[in-house]
Amino acid sequence: MERDLNNTFDVVVVGGGPAGLSAALILGRCRRRVLVCDTGHPRNAKSGGIHGFLSRDGTPPAELLECARQQLDPYETVTVRLAEVVDVEQTSRGFAVILDDGSCCAGSKLLLATGVVDELPPVKGIERFYGRSVHPCPYCDGWEWREQPLAIYGRGEKGSGLSLMLTLWSKDLVLCTDGPAELSRAQRERLALHAIAVREEPIARLDGTEDGLLRSIVFANGEALAREAMFFNTGERQRSPLIAKLGCELDEKGRAETGDFAESNVPGLYIVGDASSDVQFAIVAAAEGARAAVAINKVILREASLI
């Protein structure tokens with residue numbers, strides 16, 4: 001969906017996931033000129049379904065995004081482009097945005113909905129299972145693996161905490177630390193109290209089906225541990241370098257710090273979705289996008305002395 005509009009917009013939205021498209025919808029309904037730039041590589045692309053999204057629970061991610069893009073069609077002031085924003089500069093009138101095809105556009109306001117990238121555990125074969133039976137979020141995927149034998153990949157407090165949380169979904173849990181567990185005596189005792197075994201042997205690889213269903217974790221000593229799924233807690237990073245380039249303040253977890261309405265410390269710059277949120281659900285991202293859109297519209301109205 002592309003329209004031949006000129007290259008000056010009220011708002012440029014970087015990222016076409018639930019947060020960015022939700023913001024574009026509200027801004028479109030306000031008749032704001034909006035450009036949405038998206039690379040087409042969402043964080044949850046390999047997931048079988050989006051969970052916890054009221055009225056859309058279990059919907060495949062691509063289907064949800066396609067529906068969202070189609071619902072932007074009536075709003076003639078909104079343009080969606082499959083393009084990567086490779087550079088941004090702050091100007092006296094807002095922001096100059098450079099796309100990967102060399103074209104340039106301008107936006108009075110900039111909304112970043114660029115998301116994050118999961119740091120996968122360094123285990124051979126994990127890419128095949130990521131999103132199908134290896135997951136970072138038990139809220140998103142724990143229910144699908146309820147009462148199944150599960151593994152947790154992690155060390156120290158993070159590994160222990162994720163293991164204890166997963167007792168909500170299964171009682172057959174094994175914490176695999178892929179080397180020294182880095183657990184305190186108290187943490188080991190809590191795990192033992194809930195019958196959570198700890199395996200510190202180095203992991204050689206993951207085995208399973210061609211379509212990404214885990215069957216076992218194979219240790220370096222050749223022993224295999226039968227598991228149906230694995231959850232990990234090895235961190236994440238910002239997908240886009242634009243947040244750092246523009247000088248946004250980050251918290252200790254590397255997420256962008258924002259105010260109540262998604263405004264950053266950089267004037268005119270708003271950040272929504274997983275890039276700034278601790279609760280990383282698609283439905284929360286959509287809500288944040290809508291709320292930021294209202295805030296942006298009010299700022300533009302105020303700048304025009306209309307409120």
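Okay, let's start with strand S13, residues 214-219: three bridges join S13 to S14, and the two run antiparallel. Strands here are DSSP runs of E, at least two residues, numbered from the N terminus, and helices are runs of H or I, at least four. Two strands pair if DSSP finds at least two bridges between them. One of the residues to look at is Ile217, whose bridge partner in S14 is Leu225.

Quick word on what you're looking at. This is a predicted model, where local features need pLDDT of at least 70, side-chain atom pairs count only at pLDDT 80 or more, and totals for chains, interfaces and linings use all residues. Residues are numbered from 1 along each chain as its sequence is written, and side-chain values use heavy atoms, leaving out hydrogens and water.

Back to the sheet: it's open, with three strands in the order S12-S13-S14 and antiparallel pairing. S12 (203-208) and S14 (224-226) are at the edges with a single partner strand each, so one side of each has no neighbour in the sheet.

Now the rings. There are three aromatic pairs in the structure, a pair meaning Phe, Tyr or Trp (its six-membered ring) with centres within 6.5 Å; planes under 30 degrees apart are stacked, over 60 edge-to-face, the rest tilted. Tyr130 and Phe232 make a tilted one, 6.4 Å centre to centre with 50 degrees between the planes. Tyr130 sits in the loop between helix H3 (126-129) and strand S8 (134-135), Phe232 in strand S15 (residues 229-232), 102 residues apart. Elsewhere, ring pairs link Tyr139, Trp169 and Phe281 into a cluster.
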